[in-house]
Amino acid sequence: MAAFLARRLLGTSTSSSATLISASRAFFSSTTPIKATLFPGDGIGPEIAESVKQVFTAADVAIEWDEHYVSTEVDPRTNSFLTWESLQSVLDNKVGLKGPMATPIGKGHRSLNLTLRKELNLYANVRPCYSLPGYKTRYDDVDLITIRENTEGEYSGLEHQVVKGVVESIKIITRKASMRVAEYAFLYAKTHGRTKVSAIHKANIMQKTDGLFLQCCDEVAEKYPEIEYEKVVIDNCCMMLVKNPALFDVLVMPNLYGDIISDLCAGLVGGLGLTPSCNIGEDGIALAEAVHGSAPDIAGKNLANPTALLLSGVMMLRHLKLNKQAEQIHSAIINTIAEGKYRTADLGGTSTTTEFTKAICDHL
Amino acid sequence: MAKRSVSILTRLLTNPSSPFTAPTRSITYMPRPGDGAPRTVTLIPGDGIGPLVTGAVEQVFEAMHAPVHFERYEVRGHMRRVPEEVMESVKRNKVCLKGGLATPVGGGVSSLNMQLRKELDIFASLVNCINVPGLVTRHENVDIVVIRENTEGEYAGLEHEVVPGVVESLKVITKFCSERIARYAFEYAYLNNRKKVTAVHKANIMKLADGLFLESCREVAKAYPGITYNEIIVDNCCMQLVAKPEQFDVMVTPNLYGNLIANTAAGIAGGTGVMPGGNVGAEHAIFEQGASAGNVGNDKIVEQKKANPVALLLSSAMMLKHLQFPTFADRLEVAVKQVIREGKWRTKDLGGDCTTQEVVDAVIAALD
């Protein structure tokens with residue numbers, strides 16, 4: 001599986017089938033569009049998804065969108081509001097882009113994110129956090145990637161009440177999942193030219209669980225001697241991140257720490273409205289998503305900021321090796337925000353979503 | 001007797017007046033006969049920079065002629081258990097001052113810090129993260145007290161290997177401990193004139209465990225109608241801390257989140273080298289550097305003797321208040337804050353390049 005990922009992501013022709021795939025992609029890119037699943041989501045989702053479609057069309061990206069919406073009834077085959085067809089479409093297309101989904105409250109069905117994660121076996125969540133030039137926060141020199149294990153750890157959901165007033169929650173760490181995410185982290189670092197990978201843990205207290213995670217990271221690190229590897233205890237990591245985020249490059253972590261640290265890093269660069277993310281699954285599935293909420297209060301008012309979904313779309317393009325167009329769109333977004341003339345309300349400006357989108361298209 | 005002790009406690013626990021004015025007290029502190037007798041405190045220098053910074057405290061206390069007598073015990077992080085005599089000493093003296101104890105990673109040795117806390121039932125850990133005047137940081141108006149449950153939660157130490165390659169760790173939350181820490185947090189807020197208590201949790205995912213913690217906090221909140229209570233999810237909390245820290249006042253958290261939040265808050269307010277803190281239980285108290293990051297330091301700092309003693313000095317001021325010697329505490333705090341404000345003697349983590357000894361000498365010179 002790692003070899004398949006390696007061929008897919010590195011594009012190096014270590015086997016003839018890989019050459020064939022990348023060659024056929026290059027040959028067909030102008031004629032056969034790549035199919036990608038799109039989940040616009042709820043609330044501001046449809047507006048920002050529209051924005052993404054406009055920008056991609058303006059940039060001549062050959063993607064055919066396969067749109068799916070969350071249904072209003074529970075599908076018994078998936079036990080959630082996501083239909084079986086939606087999931088199948090992602091499994092077939094292998095790439096997708098997801099907008100914010102509001103999980104309806106209630107019992108008897110799984111949360112939407114949980115459904116996606118389990119059915120598509122999305123094991124790593126990659127979130128690049130970099131300071132956007134032109135949008136000033138208290139931190140100017142942030143440029144790091146957080147890679148979080150997404151399937152197990154503290155979020156296994158195994159809790160029970162032992163006796164009245166005493167509750168246990170089980171945290172599970174397995175070698176398989178830890179190796180998987182460690183392999184992906186180092187591979188990502190190598191393919192994106194990153195120089196350092198830091199494994200974040202609390203193995204001095206949770207010796208066996210985080211100890212196993214660290215062991216797996218150690219093993220993978222030995223295979224990549226050119227990448228600097230360090231282990232940082234999570235409390236040190238938190239402090240260093242808020243004092244000097246330039247110390248970090250790629251961070252790889254188990255589930256809970258990853259959740260907290262990736263949100264902390266998003267806060268350093270300006271919040272969830274500007275942060276892209278991508279979930280990686282087995283067999284090379286990549287589902288890019290905007291992690292902010294569905295903001296029902298501004299839904300339909302053309303005020304939403306599409307940056308997060310656009311940047312996630314760029315991540316998706318990079319995964320598809322359409323690097324030229326990814327770079328084009330990325331620069332357009334950065335320049336638009338840096339210019340400062342067209343900014344949506346959450347960045348301190350007065351533009352509408354459509355004006356912002358048009359500005360990006362103009363910058364292409 | 002109760003009324004008088006409450007007013008003494010109130011003044012003991014509030015911070016002294018601004019260092020810009022000469023230290024004046026508005027109410028005379030009337031000690032009971034015999035209050036001036038020296039108290040014995042167990043001193044554990046610890047590992048790494050521990051001996052350096054505890055040495056700093058000893059020097060300053062001597063210069064102040066503080067009525068504190070230290071009983072020193074050597075404890076190292078790689079020991080299997082805290083020696084019996086050390087535990088006896090802490091139980092006898094009731095108060096302990098310690099440097100950092102390194103817990104070796106994956107070494108099969110359970111944390112000595114946790115052992116001390118569990119055996120002495122020191123259930124509340126407190127870190128006061130506050131902007132120190134003179135120390136320029138990216139964030140202003142930070143004044144957060146993180147109160148963290150210290151004995152259970154993720155640090156219960158109950159782990160086992162199910163089959164090779166699959167390991168489980170149990171996180172235990174009990175109503176008893178959650179209620180205890182919630183009650184301590186609200187009482188602290190009440191006695192220190194704090195307006196808001198925020199409970200930090202992840203109950204959307206860990207519904208039963210953190211749900212139980214939240215339930216306990218809500219119940220206790222009802223008994224303190226004058227204090228605002230709200231709840232925040234831990235990942236959102238970290239984001240808000242780096243964006244708008246002024247919205248937080250007192251935060252009460254279970255064990256692991258408390259560790260992260262305390263270190264994050266300490267980092268934004270100036271670094272863990274400056275923040276005071278302590279651990280307290282019903283009968284015993286242990287004072288050490290507030291947040292845990294860097295409390296052992298690294299080899300380079302130890303060699304060059306450039307550890308920052310400020311955090312431990314401010315924590316020992318908290319200890320002096322706890323021991324009911326408020327004037328000594330005030331003098332120490334004013335001196336330390338003056339040294340930081342002047343900015344001439346600062347260690348590397350605050351942007352300077354001094355050794356520990358130079359900072360200590362500056363503090364002693366600033367004592368009035």
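Student: Before we start, which conventions apply here?
Tutor: Residues are numbered from 1 along each chain as its sequence is written, and chains are lettered from A and ligands numbered from 1 in the order in which they are written. In this predicted model local features need pLDDT of at least 70, side-chain atom pairs count only at pLDDT 80 or more, and totals for chains, interfaces and linings use all residues, while side-chain values use heavy atoms, with hydrogens and water left out.

Student: How many residues of chain A and of chain B are in contact, and how much area do they bury?
Tutor: Contact means heavy atoms within 4.5 Å, and by that rule 48 residues of chain A touch 56 residues of chain B. Buried area is the accessible area (1.4 Å probe) that two parts lose on being put together, summed over both. Of that area, 64% is on carbon and sulfur atoms, and the total is about 4300 Å².

Student: How many residue pairs are in polar contact across the interface of chain A and chain B?
Tutor: A polar contact is a pair of N or O atoms within 3.5 Å; within protein, one must be able to donate a hydrogen and the other to accept it, and residues adjacent in sequence count only if both atoms are side-chain atoms. With both residues at pLDDT 80 or more, the number of such pairs between chain A and chain B is 21.

Student: Which side chains form the salt bridge between chain A and chain B?
Tutor: A salt bridge is a side-chain nitrogen of Lys or Arg within 4 Å of a carboxyl oxygen of Asp or Glu. The count between chain A and chain B is one. Its N to O distance is 2.7 Å, and the side chains are those of B:Lys202 and A:Asp259.

Student: Why do B:Lys202 and A:Asp259 count as buried?
Tutor: Buried means under 20% relative accessible area, exposed over 50%, and partly exposed in between (1.4 Å probe, protein chains only). B:Lys202 is buried because its relative accessible area is 3%. A:Asp259 is buried too, because its value is 6%.

Student: Which residues are linked with B:Lys202 in a network of salt bridges?
Tutor: The network includes A:Asp259, the residue that meets B:Lys202 at 2.7 Å.

Student: What is the closest N and O distance between A:Lys202 and A:Asp235?
Tutor: A:Lys202 counts as buried because its relative accessibility is 4%, and A:Asp235 is buried at 5%. These two form a salt bridge, with their closest N and O atoms apart by 3.2 Å.

Student: Is the salt-bridged pair A:Asp140 and A:Lys136 buried or exposed?
Tutor: The closest N and O atoms of A:Asp140 and A:Lys136 are 3.3 Å apart. By relative accessible area, both residues are exposed.

Student: Which residue of S9(A) is the bridge partner of A:His201?
Tutor: A:His201 belongs to S8(A), where six of six residues are buried. S8(A) and strand S9 (residues 228–233) of chain A pair in the parallel sense over six bridges. In S9(A), the partner of A:His201 is A:Val233.

Conventions. Helix = DSSP H or I, 4+ residues; strand = E, 2+ residues; numbered from the N terminus. Pairing = 2+ DSSP bridges.
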